[in-house]
Amino acid sequence: MLALVLALCALQLCPAVRGGRWGQPFLVEGPPSRRLSKVGGFSWENCGNGTDPFVIKSLSVTPDPIHIPGDLKVSVAVSSGVDIVSPLKAVFTVEKKVVDIWIKVPCLDEIGSCTYNGLCGILDNVIPPGTPCPEPLLSYGIPCHCPFKQGSYSLPASEFYLPVIQLPSWLTNGDYRVQVVLSNGAKQLACVKVALSLHSE
């Protein structure tokens, strides 16, 4: 589940995950805004120095492009050499390609080059503590709350629904690259790079 949240955050949908359960519309407050309609050109790679304990072994997100609102299919396999516990922090560095130059996107409205503290709390927001993990996580024995015990986890291709998402007008169409660094205190746990293109209306 943590890998799925990181994947959505890498798609710059982290505020939507924080906004509530799957299927609920989400609006970034502060007009004007535009509706995110497509996310395409998705690719990824681990970017740690080889010593990070948390590694994404495989990640597939289809279709390409992803139409929003709509369904996407995610399959993911991860391994961790340590227990993943609170407090968890994710630091995002987002860059947009302008002509042939990559320009850093600032953090505005919790979108862009932001720091997200309390990822365990984000999971609690999506799935309240005390409730069973939703399918298909339950069937495959994948936990949905911190702590995550060390070991390997895999989710076969499974469908999830992305609701209507409104983004601020300054987040323009184009090609983006995102680096996500996951840490617990001073210890780096993972580093993932993602490339994608955003299309809004």
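**How the strands pair**

Visitor: Which residue in strand 4 is the bridge partner of Val39?

Guide: Ile66 is the bridge partner of Val39 in strand 4. This is a predicted model, where local features need pLDDT of at least 70, side-chain atom pairs count only at pLDDT 80 or more, and totals for chains, interfaces and linings use all residues. Residues are numbered from 1 along each chain as its sequence is written, and side-chain values use heavy atoms, leaving out hydrogens and water.

Visitor: Why do strand 2 and strand 4 count as a pair?

Guide: Pairing requires DSSP to find at least two bridges between two strands (DSSP runs of E, at least two residues, numbered from the N terminus). Strand 2 and strand 4 (residues 66–67) are joined by 2 bridges, so they pair, running antiparallel.

Visitor: What makes strand 12 a partner of strand 2?

Guide: Strand 2 and strand 12 (residues 187–200) share 8 bridges, so they pass the same test. Glu45 stands opposite Lys193 in strand 12.

Visitor: How do you know that strand 10 pairs with strand 2?

Guide: Strand 2 (residues 33–46) has 3 bridges to strand 10 (residues 165–168), so this antiparallel pair qualifies too. Leu167 in strand 10 is the bridge partner of Arg34.

Visitor: Why are strand 3 and strand 9 called edge strands?

Guide: An open sheet of 3 strands has the order 3-5-9, with antiparallel pairing. Strand 3 (54–62) and strand 9 (151–162) each pair on one side only. Strand 3 is joined to strand 5 (residues 70–80) by 8 bridges, with Ser79 as the bridge partner of Val55.

Technical notes: Helices (H or I, at least four residues) and strands (E, at least two) are DSSP runs, numbered from the N terminus.
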